[in-house]
Amino acid sequence: MFIPTDPCQYCGDQQVEAPWTLCQNCRRTYAKTLHNLRRNMQLLQRVARHEYKLGEPGSGGKPQGGEAPSPVNMHAIDLLDEAESLLQDAWCDAGAVWSDRWQLLIPRMQTRLAWLCKATNAGRFLRQLIKMNRRIEPYVDRKPRTRRIIGVCPECKREILAAKGESLLLCKCGNPINVAELRERTAEAVNRYHKTLTPTGCSEWLRDDYGLDVPAMTVKNWLRRGKLPSAKPIADDGYYEFDIRETVAMAMSVSKRQ
Ligand SMILES: [Zn+2]
Ligand SMILES: [Zn+2]
């Protein structure tokens with residue numbers, strides 16, 4: 001018996017038998033995409049809701065008179081709406097005649113995955129759903145990438161880690177963290193206790209601010225020998241972050257001996 005085949009609409013590598021429009025591998029990708037999208041949208045919704053509550057406690061989720069909700073919050077809501085329309089379009093393309101809110105729609109799509117993988121434009125929708133997932137991810141992602149501590153949560157004081165390009169995070173306590181804002185706040189606090197200087201700059205600073213005579217060479221030796229355990233090199237440009245207390249104490253002990 002002859003069964004007509006076509007290339008898979010998504011990968012184009014595999015031949016698929018009608019009525020499938022996606023190959024077996026891409027069907028698995030579709031399932032994974034729906035699974036991830038659901039989780040990410042749930043997280044994004046928490047972000048959106050929490051910001052509402054923070055803005056105006058107890059007024060039923062609507063912004064206060066005239067006061068616009070934060071841009072981050074609005075963006076989360078827009079993104080959820082956009083993702084929902086996309087899901088509804090994909091569902092419609094699969095031949096469904098009715099639709100629902102995304103919270104109910106995604107589980108239904110998951111149990112009817114075969115419909116989606118036989119849909120006329122399955123490849124295009126899978127591509128768009130994957131793209132949508134990528135757009136939501138930075139707002140809700142907790143995967144360990146290269147992350148650095150950027151400060152502590154203002155609500156619960158947990159350490160917050162952020163990767164490059166992340167603009168909004170959800171703390172474990174549920175508090176949405178504006179990354180840029182927290183970075184700035186932390187930098188301010190750090191500057192009270194640290195100074196970013198070259199060894200020469202450090203020597204000058206100790207002389208000018210404390211009247212302590214420490215040659216730049218001595219500072220370099222301290223760094224090399226680990227006498228300033230809190231000092232950290234900043235990139236490779238010769239600058240270090242000096243702990244003020246530690247550095248001054250070290251300088252005082254040295255100048256006493258002189
Ligand atoms: Zn495929
Ligand atoms: Zn927190």
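Close-up 1. Helices here are DSSP runs of H or I with at least four residues, strands are runs of E with at least two, and both are numbered from the N terminus.

Local features need pLDDT of at least 70 and side-chain atom pairs count only at pLDDT 80 or more, while totals for chains, interfaces and linings use all residues of this predicted model. Residues are numbered from 1 along each chain as its sequence is written, with chains lettered from A and ligands numbered from 1 in the order in which they are written.

**Close-up 2. The largest nonpolar core.** This core has 40 residues, and L22, L44, L87, L116 and L126 touch the most other members (a core is a set of buried Ala, Val, Leu, Ile, Met, Phe, Trp, Tyr and Cys residues joined through C-beta atoms within 7 Å). At least two residues come from each of α1 (24–55), α2 (71–93), α3 (102–111), α5 (122–140), β4 and β5 (168–170). Helix α1 gives the most, with 8 residues. Domain 1 (5–137) and domain 2 (148–189) each contribute at least three residues to this core, with domain bounds taken from an automatic or database assignment.

**Close-up 3. Around L116.** Setting aside neighbours within four places in sequence, L116 is in contact with Y30, A90, A94, M109 and A122 (contact means C-beta atoms, placed from the backbone, within 7 Å). A second, separate core holds 12 residues, including C202, V219, F242 and M250.

Close-up 4. Strands β3 (residues 148–152) and β4 (residues 159–162) pair in the antiparallel sense over 4 bridges; pairing requires at least two bridges found by DSSP. G151 stands opposite I160 in β4. The hairpin has 6 residues between its strands, and K157 in the turn has a positive phi of about 70°.

**Close-up 5. The open three-stranded sheet.** Its 3 strands follow the order β7-β9-β8 with antiparallel pairing. The edge strands β7 (194–197) and β8 (232–234) each pair on one side only. Between β8 and β9 (residues 239–243) there are 3 bridges, and I234 stands opposite Y239 in β9.

Technical notes
A residue is buried if 20 or more other C-beta atoms lie within 10 Å of its own, exposed if 12 or fewer, and partly exposed in between; C-beta atoms are placed from the backbone. Two residues are in contact if their C-beta atoms, placed from the backbone, lie within 7 Å.
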